[in-house]
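Here is a short report for someone meeting this structure for the first time. Please keep the sequence and the 3D view at hand while reading.

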Amino acid sequence: DGAGHRFAASLHNTSKSMVGNTLRLFTAKATNEGDNVTISNLNIDGCNAKNGDYGIRAIFLEGEGTFTIDNVKITQVTYTINDDGAEKTLKVINSYLEGWTSYNPATEGIFENVTFAKGTYGQFRPHGNATLTNCVFNEGVVLDLTKLNAGKVVKLVNCKYGDTVITAENIVSLLGTNLDGYAADKVTF
């Protein structure tokens, strides 16, 4: 672009592309280490892709770099965002994610003004560090720490479950049974 950013990465519409038992709708791929990939102003509705007995993955991230998802609405999918094992930064801003959101331990997840909603699944399951600022968990969505790798932390800054601010005192009752074994060192506020 005119600002001197190098966009060697790409967003591919991989409609009807099966990987295992999962249909990938879009793959965002960083072709060189340090690439910046931006996905913005996109509405992904998985209901148009349903024609079989498989899961639907809205956005799959491949390669190393920084992936920014801005003003994206994802509905009626199994998995909203998922990625490969490469080290990356995932920034999700001003977006709506309906389904299961997860990413690998080498990924640094940053979420700002994101609403997590229940679809087929209502789950936020980071394997790596996560910082959530001004995010909302709608009814039926859980924070699942069962796959959070050792030494990784989820930081919640002014996040809510519906209209209720999430605190150390109410996190387990608000965000569900997948917090079994909840430890204060896994979540900070």
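**The chain as a whole**

This is a predicted model. The protein chain has 19 strands and one helix. It counts 189 residues, and 45% of them are buried. Take the contacts between residues at least 6 apart in sequence: 39% of them join residues at least 24 apart.

**The nonpolar core**

The largest nonpolar core holds 43 residues. Within it, Phe-111, Phe-116 and Leu-132 touch the most other members. Several elements give two or more residues to this core: strands E2, E3, E4 (55-62), E5, E7 (88-93), E13 and E16 (154-157), together with helix H1 (171-175).

Leu-132 belongs to the covered face of E13, along with Ala-130. The uncovered face of E13 shows Thr-131 and Thr-133.

Which strands pair with E13? Strand E10 (residues 107-112) runs parallel to E13, and four bridges join the two. E16 also pairs with E13 in the parallel sense, over four bridges. Ile-110 stands opposite Thr-131 in E13. Leu-132 has Leu-156 in E16 as its bridge partner.

**Salt bridges**

How many salt bridges does a search of the whole structure find? The search finds four. Side chains of opposite charge can pair when their charged atoms come close. Some of the pairs are listed below.

| Salt bridge | N to O distance |
|---|---|
| Lys-29 and Glu-62 | 3.9 Å |
| Lys-88 and Asp-83 | 3.6 Å |
| Asp-144 and Arg-125 | 2.9 Å |

Start with Lys-29 and Glu-62, which form a salt bridge. Lys-29 is in strand E2 and Glu-62 is in strand E4, so the pair ties together parts that are 33 residues apart in sequence. Lys-29 is partly exposed, because its relative accessible area is 34%.

Next come Lys-88 and Asp-83, whose side chains meet in a salt bridge. Are these two residues buried or exposed? Lys-88 has 3% relative accessibility, so it counts as buried. Asp-83 has 9%, so it counts as buried too. Asp-83 and Lys-88 also belong to a network of salt bridges that takes in Asp-84.

Then there is Asp-144, which forms a salt bridge with Arg-125. The pair links distant parts of the chain, 19 residues apart. Asp-144 sits in the loop between strand E15 (142-143) and E16, while Arg-125 sits in strand E12 (residues 123-126). Both Asp-144 and Arg-125 are buried.

Leu-25 is in strand E2 (residues 22-29). Its relative accessibility is 8%, so Leu-25 counts as buried. Leu-25 and Asp-45 are 20 residues apart in sequence, and their C-alpha atoms are 9.7 Å apart in space.

Asp-45 turns up again beside Thr-75. Leaving aside neighbours within four places in sequence, Thr-75 is in contact with Ile-44, Asp-45, Gly-46, Tyr-96 and Glu-98. Thr-75 itself lies in strand E5 (residues 65-75). At 10% relative accessibility it is below the 20% cut-off, which means that Thr-75 counts as buried.

Asp-35 is in strand E3. With 1% relative accessibility, Asp-35 counts as buried. A polar atom of the Asp-35 side chain lies 2.7 Å from the backbone nitrogen of Asn-32.

**Two asparagines with positive phi**

Where does Asn-41 lie? Asn-41 is in strand E3 (residues 35-45). Its phi is near 50°, a positive value in a residue other than glycine. Asn-41 has 60% relative accessibility, so it counts as exposed.

Asn-134 has a positive phi as well, near 55°. Asn-134 lies in the loop between strand E13 (130-133) and strand E14 (136-137). At 34% relative accessibility, Asn-134 counts as partly exposed.

Terms used
Residues numbered from 1 in each chain as written. Predicted model: local features only at pLDDT ≥ 70, side-chain atom pairs only at ≥ 80, totals over all residues. Heavy atoms only, no water. Buried < 20%, exposed > 50% of the residue type's maximum accessible area, 1.4 Å probe, protein only. Contact = heavy atoms within 4.5 Å. Polar contact = N/O pair within 3.5 Å; in protein donor to acceptor, adjacent residues only side chain to side chain. Core = buried A, V, L, I, M, F, W, Y, C linked by side-chain atoms within 4.5 Å. Pairing = 2+ DSSP bridges.
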